[in-house]
Amino acid sequence: QGAATPPALRARDHIEHTTDRLAAEPWDRLGASRTDRLREVLRPLAVRARAALPAQTPIGLPLIV
């Protein structure tokens, strides 16, 4: 009938939890102060890279200000 089944919803939730946990691990290991420093160092590159893309992207990347 077009709706996700309870097992499918549970599987999706499990996948989301797992990917969130795995994605956080490197940042947790780096720590808050080094993560802030990395953000500071990489920001100019991110701003230039985003500026090189069209104003609207298929995945909805926001402009970096």
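This is a predicted model: local features need pLDDT of at least 70, side-chain atom pairs count only at pLDDT 80 or more; totals for chains, interfaces and linings use all residues.
Colleague: Understood. Is Glu16 buried, exposed or partly exposed, then?

Modeller: Glu16 has a relative accessible area of 44%, so this residue is partly exposed.

Colleague: Which helix holds Glu16?

Modeller: Glu16 belongs to helix H1, which covers residues 6-30.

Colleague: And how far is Glu16 from Pro62 in space?

Modeller: The two C-alpha atoms are 22 Å apart, and 46 residues separate Glu16 from Pro62 in sequence.

Colleague: Let us step back. How many helices and strands are there in the chain?

Modeller: The chain has 2 helices and 0 strands. Its radius of gyration is 18 Å, well over the 11 Å that the globule rule gives for 65 residues, so the chain is more spread out than a compact globule.

Colleague: What does the C-alpha trace span along its principal axes?

Modeller: The spans are about 45 × 35 × 10 Å.

Colleague: What percentage of the residues is buried?

Modeller: Buried residues account for 6% of the 65 in the chain. The chain exposes about 5,900 Å², and 63% of that area is supplied by carbon and sulfur atoms.

Colleague: Which residues form the nonpolar patch on the surface?

Modeller: The patch consists of Trp27, Leu38, Val41, Leu42 and Leu45, which together have about 460 Å² of accessible area.

Colleague: Which helix gives the largest share of that patch?

Modeller: Helix H2, residues 32-51, contributes 4 residues, the largest share. One of the patch residues, Leu45, is found in H2. Leu45 counts as exposed because its relative accessibility is 53%, and the cut-off for exposed is over 50%.

Colleague: Staying with H2, what length does it reach?

Modeller: H2 has 20 residues and reaches 27 Å from its first C-alpha to its last, close to the 28 Å expected at 1.5 Å a residue.

Colleague: Where does H2 bend?

Modeller: The bend is at Leu42 and amounts to about 45°; a proline, Pro44, follows within four residues. Leu42 is also part of the nonpolar patch.

Colleague: Turning to charges, how many salt bridges does the structure hold?

Modeller: There are 4 salt bridges. Side chains of opposite charge can pair when their charged atoms come close. Among the bridges here is one between Arg29 and Glu25, at 2.9 Å from N to O.

Colleague: Where do Arg29 and Glu25 lie?

Modeller: Both are in helix H1, 4 residues apart, or about one turn of the helix. Arg29 counts as exposed because its relative accessibility is 64%, while Glu25, at 33%, is partly exposed.

Colleague: Which residue forms a salt bridge with Asp36?

Modeller: Asp36 is bridged to Arg39, with the closest N and O atoms 2.9 Å apart. These two residues are 3 apart in helix H2, so about one helical turn separates them. Asp36 is partly exposed at 42% relative accessibility, and Arg39 is exposed at 52%.

Colleague: Why does that spacing matter for direction along a helix?

Modeller: An α-helix has 3.6 residues a turn, so residues three or four places apart point the same way.

Colleague: And what does Glu40 form with Arg37?

Modeller: Glu40 and Arg37 form a salt bridge, their closest N and O atoms being 2.7 Å apart. Both residues lie in helix H2, 3 residues apart. Glu40 counts as exposed at 54% relative accessibility, whereas Arg37 counts as partly exposed at 46%.

Conventions: Residues are numbered from 1 along each chain as its sequence is written. Side-chain values use heavy atoms; hydrogens and water are left out. Patches are made of residues with over 30% relative accessible area and no salt bridge: like charges are joined within 9 Å, nonpolar side chains (Val, Leu, Ile, Met, Phe, Trp, Tyr) within 5 Å. Accessible areas come from the Shrake-Rupley method with a 1.4 Å probe; for residues, only the protein chains shown count as cover. A salt bridge is a side-chain nitrogen of Lys or Arg within 4 Å of a carboxyl oxygen of Asp or Glu. Buried means under 20% relative accessible area, exposed over 50%, partly exposed in between (1.4 Å probe, protein chains only). The expected span of a helix is 1.5 Å times one less than its number of residues. The bend at a residue is the angle between axes fitted to the seven residues ending there and the seven starting there. The radius of gyration is taken over C-alpha atoms; the globule rule is 2.2 Å times the number of residues to the power 0.38.
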